[in-house]
Amino acid sequence: MINIQTPLGIKKTTQISDKIVLCSILRAGLSLHTGFMAIFDDADNGFVSAYRYHPNNDDQFEIKVEYQAAPDLEGKSLILIDPMLATGQSIVAVLEKLNAEEKPKRIDIAVAIAAPEGVQYLQEKLPENVHLWIAALDEKLNEKNYIIPGLGDAGDLAYGIKL
């Protein structure tokens, strides 16, 4: 426990002792990354790309993870940042890539909007040391696996249509 002096008194609280790594899923996660850096200003930073690949130009897709730039995660607390949790497949694919050689002590996933199907998928696929932070839980996924009512593609909204 530590004591923090506020303008009105002293607050007894805890302090995070683990080294934190903030890791955003490119490109949508970048819109939240700066805000997390303002709170966790001593954290290391990492980035991983993940996207839906439609090999037949239809609604079926697989997740491609092609780029990773992350510091050592061994024994650290990883906060994985992605604004939308739709199916959960990209988060699982990214964590498999990040966990391939190094094991974080704790993993927190921070999302703004989630679909119940994605939450269920993560519960089935991820270990117990993973914690999910959700700002809003929407109704469902549509036939194209987009969150309803949702916001649309978070990367497109923040950075323009995919090229």
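In helix α2 of this predicted model, the buried residues are Ser 90, Ile 91, Val 92, Ala 93, Val 94, Leu 95 and Leu 98. Because 7 of the 10 residues of α2 are buried, this helix is largely enclosed by the rest of the structure.

## Helix α3 and its cover

Helix α3 spans residues 116-125, and its buried residues are Gly 118, Val 119 and Leu 122. Seen down the axis of α3, these buried residues fall within an arc of 100°, so they line one face of the helix. An α-helix has 3.6 residues a turn, so residues three or four places apart point the same way. What lies over the buried residues of α3? The cover includes β7 (84-85), α2 (89-98), β8 and β9. The face of α3 turned away from its buried side carries two exposed residues, Gln 123 and Glu 124.

## Salt bridges

The count of salt bridges comes to 5.

| Lys 105 | Asp 18 | 3.1 Å |

The side chains of Asp 18 and Lys 105 meet in a salt bridge. This pair links distant parts of the chain, with Asp 18 in the loop between β2 (9-13) and β3 (20-26) and Lys 105 in the loop between α2 and β8, 87 residues apart. Asp 18 counts as partly exposed because its relative accessibility is 24%, whereas Lys 105 is exposed, with a relative accessible area of 51%.

Lys 19 lies in the loop between β2 and β3, while Asp 44 belongs to strand β4 (residues 44-53), so the pair ties together parts that are 25 residues apart in sequence. Both partners count as partly exposed: Lys 19 has a relative accessibility of 36%, and Asp 44 has one of 25%. A network of salt bridges links Lys 19, Asp 44 and Lys 76.

Is Asp 108 buried or exposed? With a relative accessible area of 3%, Asp 108 is buried. This residue lies in strand β8 (residues 106-114). Arg 106 itself is partly exposed, having a relative accessible area of 35%. Not counting residues up to four places away in sequence, Asp 108 touches Leu 78, Ile 79, Leu 80, His 131 and Trp 133.

Ser 77 lies in strand β6 (residues 77-81). At 7% relative accessibility, Ser 77 counts as buried. Which residues does Ser 77 touch, not counting those up to four places away in sequence? They are Asp 18, Lys 19, Ile 20, Val 21 and Arg 106.

Strand β9 comprises residues 130-137 and contains Leu 132. At 31% relative accessibility, Leu 132 counts as partly exposed. Together with Ile 134 and Leu 137, Leu 132 forms a nonpolar patch on the surface, and the accessible area of the three residues together is about 240 Å².

Glu 139 lies in the loop between β9 and β10 (140-141). Glu 139 is exposed, with a relative accessible area of 59%. Leaving aside its neighbours within four places in sequence, Glu 139 is in contact with Pro 116, Ile 148 and Pro 149. How far apart are the C-alpha atoms of Glu 139 and Asn 56? They are separated by 28 Å, and the two residues are 83 residues apart along the chain.

Key: Residues numbered from 1 in each chain as written. Predicted model: local features only at pLDDT ≥ 70, side-chain atom pairs only at ≥ 80, totals over all residues. Heavy atoms only, no water. Patch = residues over 30% accessible without salt bridge, like charges linked within 9 Å, V, L, I, M, F, W, Y side chains within 5 Å. Areas by Shrake-Rupley, 256 points an atom, 1.4 Å probe, with all protein chains shown as cover. Salt bridge = Lys/Arg side-chain N within 4 Å of Asp/Glu carboxyl O. Helix = DSSP H or I, 4+ residues; strand = E, 2+ residues; numbered from the N terminus. Buried < 20%, exposed > 50% of the residue type's maximum accessible area, 1.4 Å probe, protein only. Contact = heavy atoms within 4.5 Å. Arc of directions from axis to C-beta.
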